[in-house]
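Me: Hey, I've got a new structure open and could use a quick tour. Can you walk me through it?

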Amino acid sequence: MPSRRNVLLGVAAAVAGIALVHGGAGASSQAAQVPAAAPVGPPPPPAWPALLPPPPAAARMLLPGGGVLSALPGSGDLLSITLDDGVDTSVVRAYCQLAKDTGIRLTMFVTGVYSSWTDNRELLSPLVDRGQIQLGNHTWVHPNLVKLTGGQIADELRHTDQFLRDTFGVDATPYYRPPYGAYNDLVQSVAADLGYTETALWNGNLGDDQILAPETIVDNAEKYYTAQSVVIGHLNHPPVTTTYHQLVDVIADRKLRTVTLDDVFLKPEAARLTSAYPG
Ligand SMILES: [Zn+2]
């Protein structure tokens, strides 16, 4: 029995043969003037503007200390785009495709319970492996950590930590993002005990944890995509995916250089203590 591929090749050859015969028989000057048919379908989207590459690895600096990061230190042209949660698998997929298409560098804070992370593993893994997308820890079920006991906080962080090791082969330390930006001394000390010494906050917000009109998302990008900012967005609602061209235009027009946190900071020496909250 012929394979599907052979059948298709046979069909293609037959069609080519018909075309040759037809071309030979009808090679009059009149036939030659018939314009080629326009390609079917919508026109291709406008090309992406070129984005600047990340700074060289030699420029990486020590974390500033203090354990809380909400902006990139100093002056420069860097923009840290961070994306949280992963409620909608199609949004995670669209951002991965955007990264592939444009080279934009992103840090995703993973809430492990959402299936979008395993749904998109094949698309995401190569981007993670080459450092274009960094994964951070955003707990397992997205609780308000300040309402939990030390043991519960540890379980939340450890579950996603293990998930990221098992699924993507990455160590997400030292960056965790507390849901709602809510943390206290207990949260920080439990997190640090597990290697999560850096509470990763933000100083600009796309606001798309709610369902916003695309124009509002673009307005927020114009407001907050500025040099040395850390901007939070969400992998939860599709409208943002319709604004990609405008967002990339803002980045390109302002000559900002998108970076992951690992593009900016040296990874601290693994000074992982024995947790007071063994699993
Ligand atoms: Zn969140």
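Predicted model: local features only at pLDDT ≥ 70, side-chain atom pairs only at ≥ 80, totals over all residues.

Me: What's the average pLDDT of the protein chain?

Reply: The chain averages a pLDDT of 88, and 82% of the residues score at least 70.

Me: And where does pLDDT stay under 50?

Reply: Over residues 1–32. For that stretch the model has two contacts beyond four places in sequence.

Me: OK, switching topic. How many helices and strands are there?

Reply: The protein chain has 10 helices and nine strands. Of its 279 residues, 35% count as buried. Among contacts between residues at least 6 apart in sequence, 83% join residues at least 24 apart.

Me: Now the helix pair. At what angle do the axes of helix 6 and helix 7 cross?

Reply: Roughly 50 degrees, with the axes coming within 9 Å. Helix 6 covers residues 150–168 and helix 7 covers residues 185–193. Because of that angle, helix 6 is oblique to helix 7.

Me: Is that crossing left-handed or right-handed?

Reply: The crossing of helix 6 and helix 7 is right-handed.

Me: Which residues make the contact?

Reply: On helix 6 they are G150, I153, A154 and L157, and on helix 7 they are L186, V187, V190 and A191.

Me: How do those divide into nonpolar, polar and charged?

Reply: The contact of helix 6 with helix 7 has seven nonpolar residues, one polar and no charged.

Definitions and conventions: Residues numbered from 1 in each chain as written. pLDDT = per-residue confidence, 0-100. Contact = placed C-beta atoms within 7 Å. Axes fitted to C-alpha atoms, helices over the stretch in contact; angles between N-to-C directions. Helix = DSSP H or I, 4+ residues; strand = E, 2+ residues; numbered from the N terminus. Parallel < 35°, antiparallel > 145°, perpendicular 65-115°, else oblique. Left-handed = near helix turned anticlockwise from the far one by under 90°. Nonpolar A, V, L, I, M, F, W, Y, C, P; charged D, E, K, R; others polar. Buried ≥ 20, exposed ≤ 12 C-beta atoms within 10 Å, placed from the backbone.
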